Amino acid sequence: MDSKKLVVETLNKVLPEDISNEQIEKLVEKPKSSDLGDFAFPTFILAKSLHKAPNLIAQDLVSEIDTDGFEKVVNTGAYVNFFLDKSSFSNDILHTVLNEKDDYGNQNQGDAGNVPIDMSSPNIAKPMSMGHLRSTVIGNSIAKIITKLGYQPIKINHLGDWGTQFGKLIVGYKMWGSEAEVEADPINNLLKYYVRFHKEAEEKPELDDEARAWFKRMEDGDEEALKLWTWFRKLSLAEFQKVYDRLGVEFDSYNGEAFYNDKMNAVIKTIQDKGLLQESRGAEIVDLSGQDLSPALIRKTDGATLYITRDLAAAIYRKNTYDFVKSLYVVGSEQSEHFKKLKAVLKKMGYDWSDDIHHIEFGLITNNGKKLSTRKGRVILLENVLNDAVDLAKKQIEEKNPNLKNKDEVAESVGVGAVVFHDLKNERRDNFDFNLEEVVRFEGETGPYVQYTNARALSILRKADNDDYLKANDLTVSDPEAWDTIKLIQQFPEVISRAGEKYEPSVIAKYSLKLAKSFNQYYAHSKILTDDSGLNARLALVKSVSIVLQMSLALLGVKAPEEM
Ligand code: ARG
């Protein structure tokens, strides 16, 4: 049984009946110091109803309590302190992990429902930014975490492949570009036309009119406009795919904004039928003043639809297609207003499932404290970052383990893994600064540190060259140095739930750092490979650590090399 449950149920038998298990569970704490046991129960709230001093209550409880499953139960002042029985605890948990392997921590047997995750969603004809990296890796990790919790994720790349910017791009390409140039280096050259367009349009505003006209042609299905657009989209996607391959991220759908073109009129008609569409200076809007929001602009004066119109169509399409229990959007915090409006319009349209839409927002990656910006040239190109990280990883491997066989492959896993891990270990709403050297270090709070710890565990198992522990009945670890590690392993299922409830991969990343650190401490203080009666249990512990570390890394979308 879950050890906290054991504590709660043990307390339940001796506490007054009107206190529920949920209340007890909320009160039970984990003491800061292990001298105070593994769990503690404060008795203060009982003082009033029992007309007794808290320390006396604690004393009485201790005298009545059933100590089955505990080494001892004592009281310290007003607290009841529970010390778990270490031998049965370690035996139970190690057997569980060795039996369940990769299924350890699974919950709800996979029938919790569909959850579309809108993630990555870069804009065509622009380089993928660090912001899109965040969305990609956070979304990918959430998909893996909720899979363990029994949900079925549907990873959707809502490509930014429609909008007035494509009118600008076509104008730029026609004025300054050539087919050969674009084919040679698609994204950089398309970006070049786009940037130049903005510069020249400052002096020549008629360029903007031309761009609008081209976008209008796209919306009207004009053949030439669509041919160019299709070409830009295809080339961009091929470039993005290189990054996704390196990150090991796959999508279930690439339905981007353009996919909703033929679904827009129906949505606008529904809005109209419900009496929500209003005219405002020639444009059509939905008033959201009752929701403390500025109006949602549904259609511009020239009839063109907008980002939010396409998101309305997408939200409804997803509900109809996937019948979701929740619908997630992993998008930067700067779009929080947009998602509030989206939900507000859907709510007004009478769709109560709009409450199941969650904007999974995240903060900015900064460079020396400054916001990155394409316009100002302060871009960090994702591909360069990955390449630099891999180079740095390679250098460290050359120093530490020059004889390693598949150095390049390992360097790729370590370098890319380091960038992903660094991103995910930060709470997603926080902004963070990007410093490559810090990200790829083998020591400290980094991905390589966790990977390295796992590789070390695997190398111990290789050295032991003995599988007897897999069949052993007694996996009692008596070594007190191992206690922290064992308890952490037992907490893994709870950690996954917490990460899933908060849509917060950092919970997993932080946990994996803690587990790695505690295992390294154990390893530094104990002789694992000594051939005595405890050997099987110690090897089972090493194996369990590697199972849980590998799974944690997998949940973050980070590879775990066997040697490094
Ligand atoms: N393409 C947008 C951008 O880069 C993100 C799209 C997010 N998803 C959505 N359904 N609005 O800013």
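Helices (H or I, at least four residues) and strands (E, at least two) are DSSP runs, numbered from the N terminus. This is a predicted model, in which local features need pLDDT of at least 70 and side-chain atom pairs count only at pLDDT 80 or more, while totals for chains, interfaces and linings use all residues. Residues are numbered from 1 along each chain as its sequence is written.

**Annotated motif**
- An unreviewed UniProt entry annotates residues 122-132 as "short sequence motif: 'HIGH' region", with positions given in the numbering used here, a shortened feature name, and the caution that annotations may be inferred rather than shown by experiment.
- The span 122-132 is 27% helix and 0% strand, and its end C-alpha atoms lie 6 Å apart.

**Ligand surroundings**
- Around the ligand are D118, S121, P122, N123, H158, G160, D311, A314, Y329 and V331, where a residue counts as near if its C-beta atom, placed from the backbone, lies within 6 Å.
- This shell comprises four nonpolar, four polar and two charged residues, in a scheme that counts Ala, Val, Leu, Ile, Met, Phe, Trp, Tyr, Cys and Pro as nonpolar, Asp, Glu, Lys and Arg as charged, and the others, Gly among them, as polar.

**Three-stranded sheet**
- An open sheet has three strands in the order β6-β7-β8, with antiparallel pairing, two strands being paired if DSSP finds at least two bridges between them.
- Because β6 (277-280) and β8 (296-299) stand at the edges with a single partner strand each, one side of each is left without a neighbour in the sheet.
- Four bridges join β6 to the antiparallel strand β7 (residues 283-286), and L277 has V286 in β7 as its bridge partner.
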